[in-house]
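Biologist: Before I rely on any label in this model, I would like to hear how each one was reached. Could you take me through them one at a time?

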Amino acid sequence: MSSENPRVRPVHPVEAEVVEVPLDAEVPTPEPSDDPGAGTPEHDPAEIRIAFLLFPGLTQLDLTGPAQVLCRVPGARVEYVAATLDPVPSDCGLSLVPTTTIGDASPADVLVVPGGDGAFDAMLDTAVVAFVRREAERATWVTSVCTGAFVIGAAGLLAGKRATTHWASKPMLAAFGAQPVDDRVVDDGAVVTAAGVSAGIDMALWLAAELAGQPAAEAIQLQIEYDPQPPFDAGSAVRADTRIVTEARAATEAARGDRVARAAAAVMR
């Protein structure tokens with residue numbers, strides 16, 4: 001039962017009952033119930049249910065990096081959730097095959113939302129936003145990688161929280177009431193955000209330690225031989241060429257700012 005499972009720590013989206021996105025349809029809202037226990041998930045203490053959200057245009061490493069870590073957590077049961085069971089194209093041409101749909105997905109202990117340019121369309125998708133809100137109410141951890149933070153922001157989960165995302169899009173997190181920070185992994189209560197792409201592996205190892213203990217997480221790190229030694233030091237906006245960083249950030253805001261403004265206007269009232 002959820003009351004017996006120390007992993008269960010529900011997240012309550014900001015004004016979830018009135019969140020809607022600026023499309024023709026409104027985000028579905030749950031029907032009120034006289035039963036205070038209605039909708040409470042039946043988490044199995046011996047099983048950790050981990051759901052990865054899939055949507056067109058996601059960055060595959062945002063998803064597959066954490067998946068390689070979290071599928072190795074003792075007791076993990078992993079699901080890949082999408083609108084349909086059709087293969088979902090990523091932003092590099094590789095398609096990913098869902099195992100269940102948004103409508104049929106089991107309640108999760110952990111929700112992982114990847115990023116990619118497709119995240120900026122996903123945050124305007126009523127079904128995706130409703131799914132994230134629903135899972136947030138019954139999960140222990142709601143996590144994002146890279147620009148997946150904007151999807152959970154559109155669901156009302158970042159208001160008043162510290163959060164991170166890909167460096168080029170980070171300033172735009174403030175539109176959702178978040179406090180953008182430069183850390184690679186940010187834990188603010190039950191919401192955990194990771195910086196760009198490869199940071200998802202760091203986040204997943206941190207989460208593995210929370211779920212199964214540091215020795216188990218260290219064993220997973222060794223199994224996947226995660227020991228980064230890049231040939232050059234240009235992976236951070238802090239150390240990369242200032243001109244390149246400035247131009248890339250401006251181009252990112254120009255390409256994505258309108259969609260962020262639309263989603264933020266719906267959730268930040």
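Modeller: Helix H5 (residues 199-212) lies across S1, S6, S7, S10 and S11, and runs at about 160° to S7. The model is a predicted one, in which local features need pLDDT of at least 70 and side-chain atom pairs count only at pLDDT 80 or more, while totals for chains, interfaces and linings use all residues. Residues are numbered from 1 along each chain as its sequence is written, and side-chain values use heavy atoms, with hydrogens and water left out.

Biologist: What makes a stretch a helix or a strand here, and how many of each does the protein have?

Modeller: Both are DSSP runs numbered from the N terminus, a helix being H or I over at least four residues and a strand being E over at least two. On that basis the protein has seven helices and eleven strands.

Biologist: What is the order of the strands in the open sheet?

Modeller: Seven strands form it in the order S5-S2-S1-S6-S7-S11-S10, with mixed pairing. Strand S5 (100-101) and strand S10 (185-188) are called the edge strands because each pairs on one side only, where pairing requires that DSSP find at least two bridges between two strands. S1 and S2 meet that requirement with six bridges in the parallel sense, and Phe52 stands opposite Tyr80 in S2. Strand S7 (residues 141-145) and strand S11 (residues 191-194) also run parallel, joined by four bridges, and Val142 stands opposite Val191 in S11.

Biologist: Which strands does helix H1 touch as it packs on the sheet?

Modeller: Helix H1 (residues 60-70) touches strand S1 (48-53), strand S2 (76-82), strand S6 (110-113) and S7, a contact being heavy atoms within 4.5 Å. The direction of H1 makes about 170° with that of S1; such angles run from 0 to 180 degrees between N-to-C directions, with axes fitted to C-alpha atoms, for helices over the stretch in contact.

Biologist: Why is Cys146 called buried, and why is Cys71 called partly exposed?

Modeller: Buried means under 20% relative accessible area, exposed means over 50%, and partly exposed lies in between, with a 1.4 Å probe and protein chains only. Cys146, at 5%, therefore counts as buried, whereas Cys71, at 39%, is partly exposed. The structure holds zero disulfides, that is, pairs of cysteine sulfur atoms within 2.5 Å.

Biologist: Why is H3 described as largely enclosed?

Modeller: Ten of the 13 residues of H3 are buried, so the rest of the structure largely encloses this helix. The buried residues, including Val128, Phe131 and Arg138, pack against S1, S2, S6, helix H2 (119-122), S7 and helix H4 (149-154).

Biologist: How do you know that the span of helix H3 (residues 126-138) agrees with its number of residues?

Modeller: The expected span is 1.5 Å times one less than the number of residues, so the 13 residues should span 18 Å, and the end C-alpha atoms are 19 Å apart, which agrees.

Biologist: What makes Ser90 a buried residue, and which backbone oxygen lies 2.5 Å from a polar atom of its side chain?

Modeller: Ser90 has 9% relative accessibility, and therefore counts as buried, although its place is in the loop between strand S3 (88-89) and strand S4 (95-96). The backbone oxygen is that of Leu94. Leaving aside neighbours within four places in sequence, Ser90 is in contact with Gly57, Leu58, Gln60 and Ser95.

Conventions:
Polar contact = N/O pair within 3.5 Å; in protein donor to acceptor, adjacent residues only side chain to side chain.
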